[in-house]
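Keep the structure open while you read.

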Amino acid sequence: MENKLDYIIKKIKNIQKIQILELGVQNGSSTKKFIELCILNDGFLTSIDIEDCSKVIKSDKWKFIHSSDDNFEKIDKIISKSFDLIFIDSLHEQKHVEKVFYHYYSFLKEGGICIIDDISW
């Protein structure tokens, strides 16, 4: 059976110069898969986490921002405003997910995909 991350990669694998925003890094399993895709398709991954995950991987296709993903004042000055994929896998509390979803959704390109991972309330 195909896992969720492989399913997502299959959906986006043909997007050239793909731009990905990842909220939540933790051990970097999704980060590493997204970087592989960015290398193949000349894309770029921006990841945000409240923990320092800067050593998860080294790549010129990756920017890590050490911050809470709801620190919009700081983050909006740093990131692109145009993403093909927004992957939300940070704090899994309803109010937080709602807040970051509605903020970053405006940065999603037309036809882009937003994934909220493993949410159950």
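Start with Asn 3, which sits in the segment before α1; helices here are DSSP runs of H or I with at least four residues, strands are E runs of at least two, and both are numbered from the N terminus. A quick word on the ground rules: this is a predicted model, where local features need pLDDT of at least 70 and side-chain atom pairs count only at pLDDT 80 or more, while totals for chains, interfaces and linings use all residues. Residues are numbered from 1 along each chain as its sequence is written, and side-chain values use heavy atoms, leaving out hydrogens and water.

Asn 3 is partly exposed, because its relative accessibility is 39%; buried means under 20% relative accessible area, exposed over 50%, and partly exposed in between, using a 1.4 Å probe and protein chains only. Now try Lys 4, in helix α1. Lys 4 and Asp 117 are 113 residues apart along the chain, yet their C-alpha atoms are separated by 8.8 Å. Lys 4 is also partly exposed, at 46%.

Further along α1, look for Leu 5, Ile 8, Ile 9 and Ile 12, which are buried. They sit on the same side of α1, because they cover an arc of only 100° around the axis, taken from the directions from the helix axis to the C-beta atoms. An α-helix has 3.6 residues a turn, so residues three or four places apart point the same way. Among the elements covering this buried set are β1, α2, β4 (83-88) and β5 (108-116).

What does Ile 8 touch? Leaving aside residues up to four places away in sequence, Ile 8 touches Phe 34, Leu 85, Phe 87 and Ile 115, contact being heavy atoms within 4.5 Å.

That brings us to the largest nonpolar core, with 18 residues; Ile 8, Ile 12, Ile 20, Phe 34 and Leu 45 have the most contacts inside it. Such a core is a set of buried Ala, Val, Leu, Ile, Met, Phe, Trp, Tyr and Cys residues joined through side-chain atoms within 4.5 Å. Two or more residues each come from α1, α2, β3 (62-66) and β4. Apart from this core lies another, of 14 residues, including Leu 21 and Ile 86.

Finally, the loops. Lys 17, between α1 (4-12) and β1 (19-23), has a positive phi near 55° without being a glycine. Lys 17 is exposed, with 51% relative accessible area.
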